[in-house]
Amino acid sequence: MIRFENVHKTYKTGTDALRGVTFSIRDGEFVFVIGKSGSGKSTLMKCITREEKPTEGMVIIDKYCISKMPRALVPILRRQIGIIYQDFRLIETKTVRENIAFAGEIIGVPRKKLMQMVDIVLGAVGLRDKADSLPQELSGGEQQRVAIARAMLNSPKLIVADEPTGNLDPETSESIMALLSEINRTGTTVIVCTHDSNLVDRMKKRVIEVDDGLIIRDEKGSGYTAEEKHSLPQSMIDEFVPEVVSLSEITGVQEPAKEEKKEEPLPEFPSEETEVKEEKKPAKVEEKITVVATPSPKKEKKAEKKEAKKEEKKDEKKDEKLPPKKNEDPDFPSDEDPDFPSEIKEDKDK
Ligand code: ADP
């Protein structure tokens, strides 16, 4: 996790490059930092790698406040971060393999293990066949791939790339960005500072836009230019949308409204089965409500029978006074018989 807390950076010249920047980046995110030239993007990136120190505020990586970290510990921080620059920064006199291995040599990785690691990252960037070439024998895109392989060597949790495609043609830029995206898919957090609007638009990642030292946009799944649909502040959307649009309108699934649930009469004879279902499957709201609101025909019959039995019991007490019941005496006159009510009356009167 990276957190900028009200970060200000004023250079000795008096330029306010950052003027109170606050944001967080979660582990595993892919974030573009965009903005006009001179807006403060590079300064922001340099505060992550401690190439620059904020004049005010805090930069926190995991639980360490790296903006207050003693200078002696900075190399340790840098080993945890893969850094990629626009100008590749390869050592011209070293081969591709040596350039990559150099990052491991300075932290004392044993030679054999180091060579295995170099082989793996060279394979990952598709440059095994160029392992013994010198940087000047490679194209710009290939040199940037070497720089990415070097950044990957120590399996960093975070890769920071400052204009990684700034010196490359559009096609090569796309393949470099695809490679960074692939690295991100393995769980590495990737932060890319760029002005390449086409790539940003196509990749639909989180975009943090900086202008004059301030964050003016922070959107997920966005493009280089803010879209119309994002023009309403989220607080306004939260406030008004629920009144206008119900969940069922959006999803097509009938949402059980809270009021309906109150008004809906419970079945007269809720079975145990219904109650268990409600307890065991609280998530399936629709199913629960359907069961409660619409008892099955079987249950209805059962209920009717129960009701009938109750009535029978009540009636048994009055049996002596009342005439024999219709269902007990097949010869008992039918309801349609015009004489039926008067016969009962006569009987009762006796
Ligand atoms: P961006 O990366 O968006 O082009 P920068 O972060 O490089 O912007 O620069 C932001 C502002 O800070 C600019 O006005 C720039 O001139 C100034 N600036 C950058 N680096 C330094 C420095 N080392 N010393 C003085 N001013 C600087």
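Strand β3 (residues 30–34) is largely enclosed by the rest of the structure, because 5 of its 5 residues are buried, that is, with 20 or more other C-beta atoms, placed from the backbone, within 10 Å of their own. Strands here are DSSP runs of E of at least two residues, and helices are runs of H or I of at least four, both numbered from the N terminus. The model is predicted, so local features need pLDDT of at least 70 and side-chain atom pairs count only at pLDDT 80 or more, whereas totals for chains, interfaces and linings use all residues. Residue numbers start from 1 along each chain as its sequence is written.

In a regular strand the side chains alternate between the two faces of the sheet. In β3, F30, F32 and I34 are buried on one side, and V31 and V33 are buried on the other.

The neighbours of β3 come next, with strands taken to pair if DSSP finds at least two bridges between them. Strand β8 (residues 189–193) runs parallel to β3 and is joined to it by 4 bridges, with C193 as the bridge partner of V33. Strand β9 (residues 205–211) also pairs with β3 in the parallel sense, over 4 bridges, and here V207 stands opposite F32.

These strands belong to an open sheet of 6 strands with mixed pairing, in the order β6-β7-β8-β3-β9-β10. Because β6 (81–85) and β10 (214–222) each have a single partner strand, one side of each is left without a neighbour in the sheet.

For the chain as a whole, the secondary structure comes to 14 helices and 10 strands, and 27% of the 350 residues count as buried.

Conventions: Buried ≥ 20, exposed ≤ 12 C-beta atoms within 10 Å, placed from the backbone.
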